[in-house]
Amino acid sequence: MAEDAESILTNGPYNSRPRWKYLDNILNRPGPFTDPDWVCGEPALEGLSRAKILVIGAGGLGCEILKNLALSGFKDIHVIDMDTIDVSNLNRQFLFRHADVGKFKAEVAARFVEKRVKGVKITPYCGKIQDKDDDYYMQFAMIVCGLDSIEARRWINATLVGMVDENDPDSMKPLIDGGTEGFKGQARVIFPTMTSCIECQLDMHAPRAAVPLCTLATIPRQPQHCIEWAHIIAWEEERKDITLDNDDPEHITWLYQKALKRAQEFNIPGVTYSMTQGVVKNIIPAIASTNAIVAASCCNEAFKIASNTNPFLGFPGTDNYMMYTGDVSVYTYTFQHVKKADCPVCGNLAKDLQVNSNSTLQEFIESLAERPEAQLKKPTIRTEAKSLYYQSPPTLEKQTRPNLSKKLYELVSDGEEIAIQDPAFQIAFKFKLVFEN
Amino acid sequence: MLKIWSMKQKQQQDESAATGPKKKKVTAAQLRVQKDLSELSLGSTMKTNFPNPDDILNFTLTIEPDEGMYKGGRFNFSFAINQNFPHDPPKVKCTQKIYHPNIDLEGNVCLNILREDWKPVLNLNAVIVGLQFLFLEPNASDPLNKEAAEDLKSNREGFKRNVRSAMGGGSVKGQSYERVLK
């Protein structure tokens, strides 16, 4: 008994993995929900410790996610975040200390977790997710997101959907997305191209509450209205040539003083510097426990997907979205968000289309009407960079008309994606033009 | 995971393989704008202009009302659409200084669907119809140019005269306006 207890404290030889005792219990024997084909023990443990996992975001959710993954047996974790640590992060982003203010979040978080959980390797990247290409994302087994922007979510989602190559099982990367706003949050799992993606679920995001411009301009009632007025109207009138930088204290101070003066004119109390910062940056108070709950749920799913020990959220045809509401007691609901047939990202994936690069755009458009896989009579066509031909509006038609007589190789490169819109169809068609010659 | 993959292969066995080098993809915002542009009904009173035809996310719209008190004018609006469209509304501004209760001197436009009532199901056509409506029925109860709104409310005929003179490049209440007549 005594020896047993001591070995746990000293990491002694009696049980070489006392820290992972409960994890090992799960990995070393099948449970009531494990798949009959699942092999317990060494292979399960191997799968988990060899899985390379990417965490996007090292903020409120990211700190929790990194800690949870490291304590769940993941050994090779990468983390991306472009931000530096602000003093206001310290109340909940527990991997950071006062002395870290100003340093990169990804770097500091990685070092902290590595120090606390021996044997874990965390590779930070301090920059934007857009800096990295498909090859970079291809190396991971799965991706966990703790982001605060819809734009970044849409980007990574579109990238992962675009990476799926049906000849390569490893190209489908499960995406686990966590999000919180005050007392509310969600955890969802996406198998790109197989299940409903972030773009399919775009309407699940609450729009940013906006106040009518005329209220701001004429009858403000709340201190926030005065700040929005300074932000949208006064800045444009008086400092048009300076781009507003939300992180520049001078800019925020200017807005604060403008808002304060306006509030006094209308007898509205309550405008403060920190409220100004909050309104301008659209800060929604983050609640540490909401982050903890959502991050725990995300990591739980990551663990189950990597170890195959239990059924996980997002298996095709089953529930894939867990929402949590903590503002009135505790409420969670898990459901299946279905894939949208007309989703612009995963609804219609680009198909290969063989073309002769010496034919003109006009000839190509005519061929579209005849090709059985297209049958498009009045197509509007673009690539990411170029408008090739627009049927309407009239001015754009005129501007793009000269392209009709150009040869395809002058307009697109081999393998480039084009998007075609035709009035006869609700959805856009995407093709990859493959040159035959 | 492997089970999911075999489901995937079953689902796609009829479709052709997508191979070749990775190229930039048309973005979701571009796809949506492309669709919206194809559904635009401009009629005879509106015209678009694309300074760079390859960039469909930035363009201007010219409205020439053929009835109402702004008849005979030519009004320009800039449209700036970001990659978050249609989650975010397009940013629309009047590029001229005009006398209108719902448009301020900086060109900000008070149209509910451009801000608080924007929804991703709305499209560019809804926006241009809304803009056109502002010239037919200026709305004094949602003022952005307070003087103009008071003017419209208190004396409709006087307001009409002021609109005419502002459109001609004259001054109203000490404020000079741009000439916007055709």
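# Briefing on a predicted two-chain model

Chain A contains 15 helices and 13 strands, where helices (H or I, at least four residues) and strands (E, at least two) are DSSP runs numbered from the N terminus. This is a predicted model, in which local features need pLDDT of at least 70 and side-chain atom pairs count only at pLDDT 80 or more, while totals for chains, interfaces and linings use all residues. Residues are numbered from 1 along each chain as its sequence is written, chains are lettered from A and ligands numbered from 1 in the order in which they are written, and side-chain values use heavy atoms, with hydrogens and water left out.

**Chain A overall**

- Along the principal axes, the C-alpha atoms of chain A fill a box of roughly 85 × 70 × 35 Å.
- Of the 437 residues in chain A, 51% are buried; buried means under 20% relative accessible area, exposed over 50%, and partly exposed in between (1.4 Å probe, protein chains only).
- Among contacts in chain A with a separation of 6 or more, 61% join residues 24 or more positions apart; a contact means heavy atoms within 4.5 Å.
- Chain A has a mean pLDDT of 90, and 96% of its residues reach 70 or more; pLDDT is the predictor's confidence in each residue, from 0 to 100.
- Over residues 1–14 of chain A, pLDDT stays under 50, and the model has six contacts beyond four places in sequence for this stretch.

**Helix packing in chain A**

- Two packed helices are described by the angle between their axes and the distance between the axes.
- Helix H4 (residues 60–71) and helix H12 (residues 288–307) of chain A pack at an angle of about 45 degrees, with their axes 8 Å apart. Axes are lines fitted to C-alpha atoms, for helices over the stretch in contact, and angles run from 0 to 180 degrees between N-to-C directions.
- H4(A) is therefore oblique to H12(A); angles under 35 degrees count as roughly parallel, over 145 as roughly antiparallel, 65 to 115 as roughly perpendicular and the rest as oblique.
- The residues in this contact include Leu61(A), Ile65(A) and Leu69(A) of H4(A), and Ala292(A), Ala295(A) and Cys299(A) of H12(A).
- Helix H10 (residues 249–265) and helix H11 (residues 273–280) of chain A have axes that come within 9 Å and cross at roughly 105 degrees. That angle makes H10(A) roughly perpendicular to H11(A).
- Pro249(A), Ile252(A), Thr253(A), Leu255(A) and Tyr256(A) of H10(A) make the contact with Tyr273(A), Thr276(A), Gln277(A) and Val280(A) of H11(A).

**Residues in chain A**

- Glu228(A) belongs to helix H9 (residues 223–238) of chain A and is buried, because its relative accessible area is 12%.
- Beyond four places in sequence, Glu228(A) is in contact with Arg208(A), Leu216(A), Ile233(A), Val279(A) and, in chain B, Arg115(B).
- Glu228(A) and Thr276(A) are 48 residues apart along the chain, and their C-alpha atoms are separated by 8.5 Å.
- Met323(A) is part of strand E7 (residues 321–325) of chain A and is partly exposed, with a relative accessible area of 22%.
- Not counting residues up to four places away in sequence, Met323(A) touches Gly185(A), Gln186(A), Tyr331(A), Thr332(A), Tyr333(A) and Phe335(A).

**Chain B and its records**

- The UniProt annotation "domain: UBC core", from an unreviewed entry, covers residues 28–172 of chain B. UniProt positions are given in the numbering used here, feature names are shortened, and annotations may be inferred rather than shown by experiment.
- Residues 28–172 of chain B are 31% helix and 15% strand, and the end C-alpha atoms of the span lie 45 Å apart.
- UniProt lists Cys110(B) under "active site" in an unreviewed entry.
- Cys110(B) sits in the loop between strand E4 (91–94) and helix H3 (124–136) of chain B, and it counts as buried at 10% relative accessibility.
- Apart from neighbours within four places in sequence, Cys110(B) is in contact with Leu213(A) and Cys214(A) of chain A, and with Asn102(B), Leu134(B), Asp142(B) and Leu144(B) of chain B.

**Backbone details**

- The peptide bond from Ser392(A) to Pro393(A) is cis, with omega near -5 degrees; Pro393(A) lies in the loop between strand E11 (387–389) and helix H14 (394–400) of chain A.
- The bond from Phe85(B) to Pro86(B) is a cis peptide bond, with omega near 5 degrees.
- Asn282(A) is not a glycine but has a positive phi of about 55 degrees; Asn282(A) is in the loop between H11 and H12 of chain A.
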